[in-house]
Amino acid sequence: RGKVVLIDFWATWCGPCRTEIPGYIEMQKKYGDQGLVIIGVSLDQKGPKHVKKFVEENGMNYTVVMGDDKAIDAFGGFDVIPTTFLIGRDGKILHQKNGAMEHAEYEALVKKAL
């Protein structure tokens with residue numbers, strides 16, 4: 001609570017997911033001090049070592065954790081990645097994005113939430 005949280009379910013093999021990562025890196029730099037917290041939830045099945053290497057190689061500056069079906073179910077279940085949730089300071093989901101979205105359009109949603 002008290003932060004704007006962006007939770008991105010993604011995988012290293014997912015092209016649209018990879019396309020969005022630079023925008024998330026940029027937003028974490030720009031808005032982190034304003035209360036934005038980005039969490040990437042990797043759904044890779046190759047395991048944490050594989051994901052950690054990808055994170056380091058791509059300069060991902062936000063928290064990345066491993067996810068599974070339980071994590072997906074906790075967010076109501078979904079069949080598409082990337083799936084991204086924007087959660088307001090009050091802990092309520094403000095927006096759910098299924099699939100990729102143009103960066104400027106999504107950044108506008110984030111700025112509005114801040």
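Predicted model: local features only at pLDDT ≥ 70, side-chain atom pairs only at ≥ 80, totals over all residues.
User: How do you know which way the buried residues of helix 4 face?

Analyst: The buried residues there are Y106, E107, V110 and A113. Looking down the helix 4 axis, they fall within an arc of 115°, so they line one face. K111 and K112 sit exposed on the other side of helix 4. The cover over the buried residues of helix 4 includes strand 1, helix 1, strand 2, strand 4 and strand 5.

User: What about helix 2: which residues are buried there, and what makes them a face?

Analyst: V51, F54 and V55 are the buried ones in helix 2. Down the axis of helix 2, the buried residues keep within an arc of 100°, so they line one face. Strand 1, helix 1, strand 2 and strand 3 (63-66) are among what covers the buried residues of helix 2.

User: How do you know whether the length of helix 1 is close to what is expected?

Analyst: Helix 1 has 17 residues and spans 25 Å from first C-alpha to last, close to the 24 Å expected at 1.5 Å a residue.

User: Where does helix 1 bend?

Analyst: The bend in helix 1 is about 30°, at I21, and a proline, P22, follows within four residues.

User: Which residues of helix 1 are buried, and what covers them?

Analyst: In helix 1 the buried residues are C17, E20, I21, G23, Y24, I25, M27, Q28 and Y31. Their cover includes strand 1, strand 2, helix 2, strand 4 (83-87), strand 5 (93-98) and helix 4.

User: Which residues touch the most other members in the largest nonpolar core?

Analyst: That core has 22 residues, and L6, M27, L36 and M60 touch the most other members. Strand 1, helix 1 (15-31), strand 2 (36-42), helix 2 (48-57) and helix 4 (103-113) each give at least two residues to this core. Helix 1 provides its largest share, six residues. Leaving out neighbours within four places in sequence, L6 is in contact with Y24, M27, L36, V37, I38, I39, T84, F85, L86, Y106 and V110. Another core, of nine residues, lies apart from it, with V5, F78, F85 and I87 among its members. In soluble globular proteins, nonpolar side chains tend to be buried together.

User: Last one: why is R1 called buried or exposed?

Analyst: Exposed: R1 has a relative accessible area of 82%, and the limit is over 50%. R1 is in the segment before strand 1 (4-10). Beyond neighbours within four places in sequence, R1 is in contact with R89, D90 and G91. The C-alpha atoms of R1 and I72, 71 residues apart along the chain, are 21 Å from each other.

Technical notes
Residues numbered from 1 in each chain as written. Heavy atoms only, no water. Buried < 20%, exposed > 50% of the residue type's maximum accessible area, 1.4 Å probe, protein only. Contact = heavy atoms within 4.5 Å. Core = buried A, V, L, I, M, F, W, Y, C linked by side-chain atoms within 4.5 Å. Expected span 1.5 Å × (residues − 1). Bend = angle between axes of the 7 residues up to and from the residue. Arc of directions from axis to C-beta.
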